[in-house]
Amino acid sequence: MDKFLISGGAPLKGKIEVSGAKNSALPCLAATLLSAETVILHNVPYVKDLITQRRLLEDLGATVLTPELRTQKITAKNIETFEAPYELVKTMRASVLALGPLLARFGQAKVSLPGGCAIGTRPIDLHLKAFEQLGAVVSLESGDVVARAPKGKLIGAVVSFEKVTVTGTENVMMAAALAKGKTTIHNAACEPEIEDLAELLNKMGARIKGAGTPVIEIEGVENLGAAEHTIIPDRIETGTFIVAAAITNGELEIKNCVPKHLTAAIKKMRESGVEIEELNPSTLRVKCSGKGLTAKDVTTEPHPNFPTDMQAQYMALMTQAEGVSNITETIFENRFMHASELIRLGADIHFAGNTATVRGKTDLMGAPVQASDLRASASLVLAALAATGETTIDRVYHIDRGYENIVRKLSSVGANIERVTDNLNLTAAEEK
Ligand code: EPZ
(Lines give C-alpha, C1' and ligand atoms only; values in the text may rest on other atoms or scores of the structure.)
Protein backbone atom coordinates (compact mmCIF):
# COMPACT_ATOMS: atom_id res chain seq x y z
CA MET A 1 0.00 0.00 0.00
CA ASP A 2 1.29 3.48 -0.84
CA LYS A 3 2.19 6.01 1.80
CA PHE A 4 2.84 9.74 1.70
CA LEU A 5 6.01 11.13 3.23
CA ILE A 6 5.56 14.81 4.08
CA SER A 7 8.10 17.21 5.60
CA GLY A 8 6.04 20.11 6.88
CA GLY A 9 6.75 23.80 7.37
CA ALA A 10 7.09 25.06 3.78
CA PRO A 11 4.61 27.85 2.90
CA LEU A 12 2.88 26.90 -0.36
CA LYS A 13 3.31 29.50 -3.06
CA GLY A 14 2.31 29.56 -6.73
CA LYS A 15 -0.51 28.52 -9.04
CA ILE A 16 -2.54 25.32 -8.63
CA GLU A 17 -5.27 23.97 -10.93
CA VAL A 18 -8.55 22.36 -9.90
CA SER A 19 -9.69 19.20 -11.72
CA GLY A 20 -13.23 18.19 -12.69
CA ALA A 21 -15.70 17.38 -9.90
CA LYS A 22 -15.66 13.70 -8.91
CA ASN A 23 -19.19 14.01 -7.51
CA SER A 24 -20.52 15.38 -10.78
CA ALA A 25 -18.59 13.06 -13.10
CA LEU A 26 -19.91 9.98 -11.26
CA PRO A 27 -23.62 10.67 -11.93
CA CYS A 28 -22.84 12.05 -15.40
CA LEU A 29 -21.12 8.81 -16.39
CA ALA A 30 -24.12 6.88 -15.05
CA ALA A 31 -26.47 9.09 -17.06
CA THR A 32 -24.93 7.86 -20.32
CA LEU A 33 -26.74 4.55 -19.68
CA LEU A 34 -29.98 6.38 -20.51
CA SER A 35 -29.07 6.77 -24.18
CA ALA A 36 -28.11 4.46 -27.06
CA GLU A 37 -26.17 7.32 -28.67
CA THR A 38 -22.71 8.66 -27.90
CA VAL A 39 -22.22 11.05 -24.99
CA ILE A 40 -18.89 12.89 -24.76
CA LEU A 41 -17.80 14.12 -21.31
CA HIS A 42 -14.88 16.53 -20.87
CA ASN A 43 -12.93 17.45 -17.72
CA VAL A 44 -13.54 14.05 -16.13
CA PRO A 45 -11.07 13.88 -13.22
CA TYR A 46 -8.43 11.15 -13.52
CA VAL A 47 -9.16 9.58 -10.11
CA LYS A 48 -9.79 6.04 -8.90
CA ASP A 49 -13.56 6.37 -8.45
CA LEU A 50 -14.01 7.41 -12.09
CA ILE A 51 -11.87 4.49 -13.28
CA THR A 52 -14.20 2.23 -11.27
CA GLN A 53 -17.32 3.91 -12.70
CA ARG A 54 -15.95 3.51 -16.24
CA ARG A 55 -15.34 -0.19 -15.57
CA LEU A 56 -18.92 -0.56 -14.39
CA LEU A 57 -20.23 0.94 -17.66
CA GLU A 58 -18.01 -1.41 -19.67
CA ASP A 59 -19.10 -4.42 -17.58
CA LEU A 60 -22.71 -3.50 -18.43
CA GLY A 61 -21.83 -3.48 -22.14
CA ALA A 62 -21.16 0.18 -22.90
CA THR A 63 -18.25 1.23 -25.10
CA VAL A 64 -15.97 3.79 -23.47
CA LEU A 65 -13.28 5.54 -25.51
CA THR A 66 -10.79 7.98 -24.01
CA PRO A 67 -9.54 10.22 -26.86
CA GLU A 68 -7.57 12.08 -24.20
CA LEU A 69 -6.96 11.47 -20.51
CA ARG A 70 -9.92 13.53 -19.22
CA THR A 71 -12.40 13.01 -22.05
CA GLN A 72 -14.70 9.99 -22.07
CA LYS A 73 -16.69 9.07 -25.18
CA ILE A 74 -19.41 6.69 -24.00
CA THR A 75 -21.89 4.71 -26.13
CA ALA A 76 -24.34 2.60 -24.12
CA LYS A 77 -25.95 1.14 -27.23
CA ASN A 78 -25.45 -2.55 -26.54
CA ILE A 79 -26.21 -2.97 -22.85
CA GLU A 80 -26.30 -6.73 -22.28
CA THR A 81 -26.65 -6.93 -18.53
CA PHE A 82 -28.45 -4.84 -15.94
CA GLU A 83 -26.44 -5.85 -12.92
CA ALA A 84 -23.81 -4.00 -10.88
CA PRO A 85 -21.96 -6.73 -8.96
CA TYR A 86 -20.97 -6.67 -5.29
CA GLU A 87 -17.22 -6.70 -5.93
CA LEU A 88 -17.59 -3.39 -7.77
CA VAL A 89 -20.24 -1.74 -5.58
CA LYS A 90 -18.35 -2.57 -2.37
CA THR A 91 -15.37 -0.55 -3.63
CA MET A 92 -17.51 2.39 -4.69
CA ARG A 93 -21.03 3.02 -3.41
CA ALA A 94 -21.68 5.54 -6.19
CA SER A 95 -22.28 2.48 -8.41
CA VAL A 96 -25.85 2.71 -7.03
CA LEU A 97 -26.22 5.56 -9.53
CA ALA A 98 -26.64 2.86 -12.19
CA LEU A 99 -30.00 1.90 -10.65
CA GLY A 100 -32.05 4.83 -11.92
CA PRO A 101 -30.81 4.79 -15.53
CA LEU A 102 -31.04 0.97 -15.94
CA LEU A 103 -34.52 0.90 -14.43
CA ALA A 104 -35.70 3.79 -16.58
CA ARG A 105 -34.33 2.56 -19.90
CA PHE A 106 -34.57 -1.23 -19.56
CA GLY A 107 -37.26 -1.63 -16.89
CA GLN A 108 -34.93 -3.65 -14.70
CA ALA A 109 -31.83 -3.30 -12.56
CA LYS A 110 -29.92 -5.39 -10.07
CA VAL A 111 -27.37 -3.58 -7.93
CA SER A 112 -25.62 -4.95 -4.90
CA LEU A 113 -26.74 -3.13 -1.77
CA PRO A 114 -23.70 -0.98 -0.94
CA GLY A 115 -22.24 -1.64 2.47
CA GLY A 116 -21.47 1.16 4.83
CA CYS A 117 -18.16 2.93 4.87
CA ALA A 118 -15.91 4.63 7.41
CA ILE A 119 -18.16 7.68 7.70
CA GLY A 120 -21.47 5.94 8.20
CA THR A 121 -23.98 3.22 7.32
CA ARG A 122 -24.85 5.05 4.09
CA PRO A 123 -28.28 3.43 3.46
CA ILE A 124 -30.12 3.89 0.17
CA ASP A 125 -33.66 3.38 1.52
CA LEU A 126 -34.74 6.82 0.26
CA HIS A 127 -33.60 5.95 -3.27
CA LEU A 128 -35.59 2.68 -3.21
CA LYS A 129 -38.73 4.27 -1.72
CA ALA A 130 -38.65 6.86 -4.52
CA PHE A 131 -38.33 4.19 -7.20
CA GLU A 132 -41.40 2.45 -5.74
CA GLN A 133 -43.26 5.77 -5.96
CA LEU A 134 -42.32 5.78 -9.67
CA GLY A 135 -44.03 2.40 -9.97
CA ALA A 136 -41.05 0.08 -9.61
CA VAL A 137 -41.22 -3.17 -7.69
CA VAL A 138 -38.12 -3.32 -5.48
CA SER A 139 -36.94 -6.34 -3.52
CA LEU A 140 -33.79 -7.42 -1.70
CA GLU A 141 -32.39 -10.74 -2.90
CA SER A 142 -29.22 -12.08 -1.19
CA GLY A 143 -27.69 -8.65 -0.76
CA ASP A 144 -28.79 -7.33 -4.14
CA VAL A 145 -31.40 -4.68 -4.77
CA VAL A 146 -33.62 -6.01 -7.56
CA ALA A 147 -35.86 -3.42 -9.18
CA ARG A 148 -38.36 -3.95 -11.97
CA ALA A 149 -40.75 -1.58 -13.74
CA PRO A 150 -44.07 -3.34 -14.47
CA LYS A 151 -44.65 -3.23 -18.24
CA GLY A 152 -41.06 -1.93 -18.57
CA LYS A 153 -41.93 1.70 -17.91
CA LEU A 154 -41.75 3.91 -14.82
CA ILE A 155 -44.65 6.28 -14.15
CA GLY A 156 -44.06 9.91 -13.16
CA ALA A 157 -45.04 10.77 -9.59
CA VAL A 158 -44.54 13.28 -6.76
CA VAL A 159 -41.46 12.23 -4.75
CA SER A 160 -40.92 13.98 -1.40
CA PHE A 161 -37.61 13.09 0.22
CA GLU A 162 -37.88 13.01 4.03
CA LYS A 163 -34.15 13.76 4.11
CA VAL A 164 -31.95 15.58 1.58
CA THR A 165 -29.99 12.99 -0.38
CA VAL A 166 -27.57 13.97 -3.15
CA THR A 167 -27.30 10.67 -5.03
CA GLY A 168 -30.94 9.94 -4.18
CA THR A 169 -31.95 13.13 -6.00
CA GLU A 170 -29.65 12.24 -8.89
CA ASN A 171 -30.98 8.67 -9.15
CA VAL A 172 -34.60 9.87 -9.25
CA MET A 173 -33.85 12.65 -11.74
CA MET A 174 -32.30 10.09 -14.11
CA ALA A 175 -35.10 7.55 -13.61
CA ALA A 176 -37.81 10.18 -14.14
CA ALA A 177 -36.20 11.43 -17.36
CA LEU A 178 -37.62 8.41 -19.24
CA ALA A 179 -40.72 7.81 -17.10
CA LYS A 180 -44.22 8.20 -18.50
CA GLY A 181 -45.56 11.61 -17.43
CA LYS A 182 -44.33 14.21 -14.99
CA THR A 183 -42.28 13.75 -11.82
CA THR A 184 -41.85 16.41 -9.15
CA ILE A 185 -39.13 16.00 -6.53
CA HIS A 186 -39.64 17.88 -3.25
CA ASN A 187 -36.82 18.46 -0.74
CA ALA A 188 -34.34 17.77 -3.54
CA ALA A 189 -30.62 18.25 -2.91
CA CYS A 190 -29.40 21.61 -4.28
CA GLU A 191 -25.71 20.85 -4.77
CA PRO A 192 -24.01 22.27 -7.93
CA GLU A 193 -23.44 18.66 -9.03
CA ILE A 194 -27.23 18.24 -9.29
CA GLU A 195 -27.41 21.23 -11.63
CA ASP A 196 -24.51 19.88 -13.67
CA LEU A 197 -26.22 16.51 -14.10
CA ALA A 198 -29.50 18.19 -15.07
CA GLU A 199 -27.64 20.26 -17.68
CA LEU A 200 -26.21 17.09 -19.21
CA LEU A 201 -29.59 15.33 -19.15
CA ASN A 202 -31.29 18.32 -20.82
CA LYS A 203 -28.55 18.34 -23.50
CA MET A 204 -29.46 14.65 -24.08
CA GLY A 205 -33.08 15.66 -24.58
CA ALA A 206 -34.52 15.45 -21.09
CA ARG A 207 -36.96 18.06 -19.85
CA ILE A 208 -35.83 19.06 -16.34
CA LYS A 209 -36.57 22.33 -14.55
CA GLY A 210 -35.58 23.56 -11.08
CA ALA A 211 -32.31 21.66 -10.60
CA GLY A 212 -30.32 23.41 -7.87
CA THR A 213 -33.51 24.27 -5.97
CA PRO A 214 -35.50 22.08 -3.54
CA VAL A 215 -38.23 21.44 -6.17
CA ILE A 216 -37.27 19.75 -9.43
CA GLU A 217 -39.78 19.02 -12.22
CA ILE A 218 -39.07 16.34 -14.83
CA GLU A 219 -41.30 15.73 -17.86
CA GLY A 220 -40.58 12.16 -19.03
CA VAL A 221 -39.60 11.70 -22.71
CA GLU A 222 -39.53 8.64 -24.99
CA ASN A 223 -35.75 8.44 -25.25
CA LEU A 224 -32.54 10.42 -24.84
CA GLY A 225 -29.87 11.08 -27.43
CA ALA A 226 -26.29 12.22 -27.92
CA ALA A 227 -24.66 15.10 -26.07
CA GLU A 228 -21.33 16.73 -25.27
CA HIS A 229 -20.71 18.22 -21.82
CA THR A 230 -17.90 19.58 -19.67
CA ILE A 231 -17.93 18.57 -16.00
CA ILE A 232 -17.83 21.47 -13.51
CA PRO A 233 -14.67 21.99 -11.41
CA ASP A 234 -14.39 20.24 -8.06
CA ARG A 235 -15.55 22.63 -5.34
CA ILE A 236 -14.20 20.41 -2.55
CA GLU A 237 -10.75 20.24 -4.13
CA THR A 238 -10.95 24.05 -4.39
CA GLY A 239 -11.79 24.31 -0.68
CA THR A 240 -8.99 21.90 0.15
CA PHE A 241 -6.45 24.11 -1.66
CA ILE A 242 -7.79 27.21 0.12
CA VAL A 243 -6.99 25.48 3.41
CA ALA A 244 -3.57 24.40 2.07
CA ALA A 245 -2.61 28.02 1.39
CA ALA A 246 -3.88 29.26 4.75
CA ILE A 247 -2.58 26.45 6.97
CA THR A 248 0.98 26.80 5.56
CA ASN A 249 0.84 30.61 5.71
CA GLY A 250 1.55 30.65 2.00
CA GLU A 251 -0.12 32.27 -1.00
CA LEU A 252 -1.85 30.30 -3.77
CA GLU A 253 -3.60 31.22 -6.98
CA ILE A 254 -6.30 28.56 -7.42
CA LYS A 255 -7.25 28.25 -11.08
CA ASN A 256 -10.17 26.64 -12.99
CA CYS A 257 -12.49 26.93 -9.99
CA VAL A 258 -16.05 28.25 -9.51
CA PRO A 259 -16.08 30.27 -6.25
CA LYS A 260 -19.85 30.53 -6.20
CA HIS A 261 -20.05 26.74 -5.80
CA LEU A 262 -18.58 26.96 -2.29
CA THR A 263 -19.84 30.30 -0.98
CA ALA A 264 -20.51 29.06 2.55
CA ALA A 265 -17.06 27.52 2.93
CA ILE A 266 -15.36 30.65 1.57
CA LYS A 267 -17.45 32.87 3.87
CA LYS A 268 -16.54 30.81 6.95
CA MET A 269 -12.81 30.79 6.12
CA ARG A 270 -12.83 34.53 5.45
CA GLU A 271 -14.44 35.01 8.88
CA SER A 272 -11.57 33.04 10.43
CA GLY A 273 -8.99 35.33 8.81
CA VAL A 274 -8.18 33.69 5.50
CA GLU A 275 -7.80 36.32 2.77
CA ILE A 276 -9.67 35.00 -0.30
CA GLU A 277 -9.75 37.28 -3.32
CA GLU A 278 -11.57 36.54 -6.61
CA LEU A 279 -9.06 37.58 -9.32
CA ASN A 280 -11.58 36.57 -12.02
CA PRO A 281 -14.67 34.26 -12.18
CA SER A 282 -12.44 31.14 -12.24
CA THR A 283 -9.42 32.17 -10.12
CA LEU A 284 -8.95 32.74 -6.40
CA ARG A 285 -5.91 34.22 -4.66
CA VAL A 286 -5.62 32.90 -1.11
CA LYS A 287 -3.33 33.84 1.76
CA CYS A 288 -3.47 34.20 5.49
CA SER A 289 -3.94 37.69 6.91
CA GLY A 290 -0.99 38.99 8.90
CA LYS A 291 -3.05 38.68 12.07
CA GLY A 292 -3.25 34.88 11.75
CA LEU A 293 -6.39 32.77 12.14
CA THR A 294 -9.26 33.07 14.64
CA ALA A 295 -11.32 30.05 15.70
CA LYS A 296 -14.86 30.03 14.29
CA ASP A 297 -17.66 27.50 14.91
CA VAL A 298 -19.20 25.67 11.97
CA THR A 299 -22.08 23.25 11.37
CA THR A 300 -22.26 21.08 8.25
CA GLU A 301 -25.56 21.16 6.37
CA PRO A 302 -26.87 20.46 2.86
CA HIS A 303 -25.96 22.93 0.10
CA PRO A 304 -25.88 25.93 0.00
CA ASN A 305 -24.61 25.68 3.57
CA PHE A 306 -21.19 24.52 4.80
CA PRO A 307 -20.45 21.18 3.09
CA THR A 308 -19.77 18.04 5.09
CA ASP A 309 -17.01 17.22 2.59
CA MET A 310 -15.07 20.25 3.86
CA GLN A 311 -15.47 19.42 7.57
CA ALA A 312 -12.27 17.41 7.97
CA GLN A 313 -10.17 19.97 6.11
CA TYR A 314 -11.67 22.81 8.18
CA MET A 315 -10.86 20.93 11.38
CA ALA A 316 -7.20 20.80 10.35
CA LEU A 317 -7.29 24.55 9.74
CA MET A 318 -8.86 25.26 13.14
CA THR A 319 -5.92 23.55 14.88
CA GLN A 320 -3.93 26.59 13.68
CA ALA A 321 -6.54 29.17 14.71
CA GLU A 322 -6.41 31.08 18.02
CA GLY A 323 -9.30 30.10 20.30
CA VAL A 324 -11.95 27.40 20.58
CA SER A 325 -13.98 26.22 17.59
CA ASN A 326 -16.98 23.86 17.75
CA ILE A 327 -17.39 21.78 14.61
CA THR A 328 -20.77 20.07 14.34
CA GLU A 329 -21.37 17.31 11.77
CA THR A 330 -25.05 16.84 10.94
CA ILE A 331 -24.89 14.79 7.73
CA PHE A 332 -22.97 11.63 8.65
CA GLU A 333 -22.92 9.77 11.93
CA ASN A 334 -19.23 8.96 12.06
CA ARG A 335 -17.23 11.59 10.26
CA PHE A 336 -14.62 12.45 12.92
CA MET A 337 -12.17 9.62 12.18
CA HIS A 338 -9.54 12.22 11.18
CA ALA A 339 -9.72 13.83 14.65
CA SER A 340 -7.83 11.06 16.46
CA GLU A 341 -5.09 11.19 13.81
CA LEU A 342 -4.87 15.00 14.08
CA ILE A 343 -4.48 14.52 17.85
CA ARG A 344 -1.48 12.27 17.11
CA LEU A 345 0.06 15.27 15.32
CA GLY A 346 -0.47 17.39 18.44
CA ALA A 347 -3.95 18.87 17.89
CA ASP A 348 -6.13 19.58 20.94
CA ILE A 349 -9.54 18.14 20.01
CA HIS A 350 -12.30 16.74 22.18
CA PHE A 351 -15.66 15.53 21.01
CA ALA A 352 -19.07 14.81 22.40
CA GLY A 353 -21.73 13.38 20.08
CA ASN A 354 -21.59 15.09 16.73
CA THR A 355 -19.60 18.11 17.86
CA ALA A 356 -15.81 18.29 17.95
CA THR A 357 -14.19 21.07 19.98
CA VAL A 358 -10.82 22.25 18.71
CA ARG A 359 -8.54 24.38 20.87
CA GLY A 360 -5.90 26.28 18.94
CA LYS A 361 -3.40 27.33 18.05
CA THR A 362 -1.31 24.18 18.66
CA ASP A 363 2.09 23.51 17.15
CA LEU A 364 1.81 20.31 15.16
CA MET A 365 4.66 17.79 15.11
CA GLY A 366 5.10 15.21 12.34
CA ALA A 367 4.22 11.58 13.16
CA PRO A 368 3.01 8.40 11.45
CA VAL A 369 -0.78 8.59 10.87
CA GLN A 370 -3.38 6.58 8.98
CA ALA A 371 -6.05 7.72 6.53
CA SER A 372 -9.57 6.32 6.99
CA ASP A 373 -11.60 7.92 4.20
CA LEU A 374 -11.24 10.36 1.33
CA ARG A 375 -11.67 13.69 3.11
CA ALA A 376 -9.94 12.51 6.29
CA SER A 377 -6.87 11.80 4.13
CA ALA A 378 -6.99 15.35 2.78
CA SER A 379 -7.22 16.68 6.33
CA LEU A 380 -4.11 14.73 7.36
CA VAL A 381 -2.15 15.98 4.32
CA LEU A 382 -3.06 19.56 5.21
CA ALA A 383 -2.05 19.15 8.86
CA ALA A 384 1.21 17.43 7.84
CA LEU A 385 2.05 20.38 5.57
CA ALA A 386 1.74 22.67 8.62
CA ALA A 387 3.53 20.33 11.04
CA THR A 388 7.19 20.55 11.99
CA GLY A 389 9.10 17.45 10.93
CA GLU A 390 8.14 14.39 8.98
CA THR A 391 4.70 12.79 8.73
CA THR A 392 3.98 9.43 7.13
CA ILE A 393 0.39 8.93 6.01
CA ASP A 394 -0.63 5.31 5.48
CA ARG A 395 -3.51 4.00 3.31
CA VAL A 396 -3.41 6.90 0.87
CA TYR A 397 -5.47 4.90 -1.60
CA HIS A 398 -8.36 6.75 0.06
CA ILE A 399 -7.11 10.08 -1.26
CA ASP A 400 -6.47 8.68 -4.74
CA ARG A 401 -10.24 8.11 -5.02
CA GLY A 402 -11.01 11.80 -5.25
CA TYR A 403 -7.90 13.96 -5.70
CA GLU A 404 -6.13 13.91 -9.07
CA ASN A 405 -2.33 14.02 -8.91
CA ILE A 406 -2.35 15.50 -5.41
CA VAL A 407 1.42 14.89 -4.92
CA ARG A 408 2.35 16.57 -8.22
CA LYS A 409 0.00 19.50 -7.63
CA LEU A 410 1.20 20.19 -4.07
CA SER A 411 4.89 19.64 -4.95
CA SER A 412 4.53 22.19 -7.78
CA VAL A 413 3.73 24.89 -5.21
CA GLY A 414 6.54 23.97 -2.82
CA ALA A 415 5.23 21.13 -0.65
CA ASN A 416 7.78 18.52 0.44
CA ILE A 417 5.60 15.50 -0.27
CA GLU A 418 6.40 12.20 -1.92
CA ARG A 419 4.58 8.93 -2.50
CA VAL A 420 6.37 5.85 -1.18
CA THR A 421 5.24 2.50 -2.48
CA ASP A 422 5.45 -0.31 0.02
CA ASN A 423 7.61 -2.58 -2.08
CA LEU A 424 10.34 0.06 -1.81
CA ASN A 425 11.64 -0.13 1.69
CA LEU A 426 11.11 3.09 3.56
CA THR A 427 14.80 3.38 4.50
CA ALA A 428 15.55 3.93 0.81
CA ALA A 429 13.41 7.09 0.95
CA GLU A 430 14.99 8.07 4.31
CA GLU A 431 18.50 7.72 2.86
CA LYS A 432 17.84 10.56 0.33
C1 EPZ B 1 -22.96 12.41 -1.68
O2 EPZ B 1 -23.08 11.17 -1.00
C3 EPZ B 1 -21.48 12.61 -1.97
N4 EPZ B 1 -21.01 11.53 -2.83
C5 EPZ B 1 -20.71 12.61 -0.64
O6 EPZ B 1 -19.34 12.87 -0.96
C7 EPZ B 1 -21.25 13.74 0.22
O8 EPZ B 1 -20.57 13.72 1.47
C9 EPZ B 1 -22.75 13.54 0.43
O10 EPZ B 1 -23.42 13.48 -0.85
C11 EPZ B 1 -23.38 14.67 1.23
O12 EPZ B 1 -23.15 15.89 0.59
C13 EPZ B 1 -21.30 11.59 -4.15
O14 EPZ B 1 -21.94 12.52 -4.62
C15 EPZ B 1 -20.80 10.47 -5.00
P16 EPZ B 1 -26.53 11.61 0.84
P17 EPZ B 1 -24.53 10.51 -0.79
O18 EPZ B 1 -27.42 10.61 0.21
O19 EPZ B 1 -25.43 10.90 -1.90
C20 EPZ B 1 -28.62 9.61 4.61
C21 EPZ B 1 -17.03 12.56 -0.83
O22 EPZ B 1 -16.24 12.68 0.11
N23 EPZ B 1 -29.35 8.81 3.61
O24 EPZ B 1 -26.72 13.05 0.51
O25 EPZ B 1 -24.33 9.08 -0.51
C26 EPZ B 1 -27.13 9.32 4.60
O27 EPZ B 1 -26.83 8.23 5.44
C28 EPZ B 1 -18.35 11.88 -0.60
O29 EPZ B 1 -16.83 12.98 -2.01
C30 EPZ B 1 -30.34 7.93 4.06
O31 EPZ B 1 -30.58 7.81 5.26
O32 EPZ B 1 -25.01 11.23 0.53
C33 EPZ B 1 -26.54 10.61 5.13
O34 EPZ B 1 -26.64 10.61 6.54
C35 EPZ B 1 -18.49 11.35 0.82
N36 EPZ B 1 -31.00 7.18 3.15
C37 EPZ B 1 -27.47 11.69 4.57
O38 EPZ B 1 -28.69 11.00 4.24
C39 EPZ B 1 -30.75 7.27 1.80
O40 EPZ B 1 -31.42 6.57 1.01
C41 EPZ B 1 -26.96 12.38 3.31
O42 EPZ B 1 -26.57 11.37 2.41
C43 EPZ B 1 -29.76 8.17 1.37
C44 EPZ B 1 -29.08 8.94 2.29
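**Helix packing and a cavity**

Mentor: In this predicted model, H11 and H12 run roughly parallel to each other, because the angle between them falls under the 35 degrees that marks this class.

Trainee: Which values describe the packing of H11 and H12, and what are they here?

Mentor: Two packed helices are described by the angle between their axes and the distance between the axes. In this case helix H11, residues 337–344, packs with H12 at an angle of about 20 degrees, and their axes lie 9 Å apart.

Trainee: Is the crossing of H11 and H12 left-handed or right-handed, and which residues meet there?

Mentor: The crossing in which H11 passes H12 is right-handed. On the side of H11, His338, Glu341 and Leu342 take part, and they meet Ala376, Ser379, Leu380 and Ala383 of H12. Sorted by class, this contact of H11 with H12 comprises four nonpolar residues, two polar and one charged.

Trainee: How many cavities of 30 Å³ or more does a search of the whole structure find, and what is the volume of the largest?

Mentor: The search of the whole structure finds one cavity of 30 Å³ or more, and the volume of the largest cavity is about 50 Å³.

Trainee: Which helices and residues line the largest cavity?

Mentor: Helix H8 (235–247), helix H12 (374–386) and helix H14 (406–411) each supply at least two residues of the lining. The lining residues are Thr240, Phe241, Ala244, Ala378, Val381, Leu382, Ile399, Tyr403, Ile406 and Leu410, and by class they divide into nine nonpolar, one polar and no charged.

How values were computed
Residues are numbered from 1 along each chain as its sequence is written. This is a predicted model: local features need pLDDT of at least 70, side-chain atom pairs count only at pLDDT 80 or more; totals for chains, interfaces and linings use all residues. Side-chain values use heavy atoms; hydrogens and water are left out. On a 1 Å grid over the protein atoms alone, a cavity is a set of points where a 1.4 Å probe fits but cannot get out, and a pocket is an open set with protein on both sides within 12 Å along at least five of seven lines; lining residues have an atom within 4 Å of a point. Grid points are joined across faces, edges and corners, and a volume is the space filled by probe spheres set on the points. Helices (H or I, at least four residues) and strands (E, at least two) are DSSP runs, numbered from the N terminus. Ala, Val, Leu, Ile, Met, Phe, Trp, Tyr, Cys and Pro count as nonpolar, Asp, Glu, Lys and Arg as charged, and the others, Gly among them, as polar. Axes are lines fitted to C-alpha atoms, for helices over the stretch in contact, and angles run from 0 to 180 degrees between N-to-C directions. Angles under 35 degrees count as roughly parallel, over 145 as roughly antiparallel, 65 to 115 as roughly perpendicular and the rest as oblique. A crossing is left-handed if the near helix is turned anticlockwise from the far one by less than a right angle, and right-handed if clockwise. Contact means heavy atoms within 4.5 Å.
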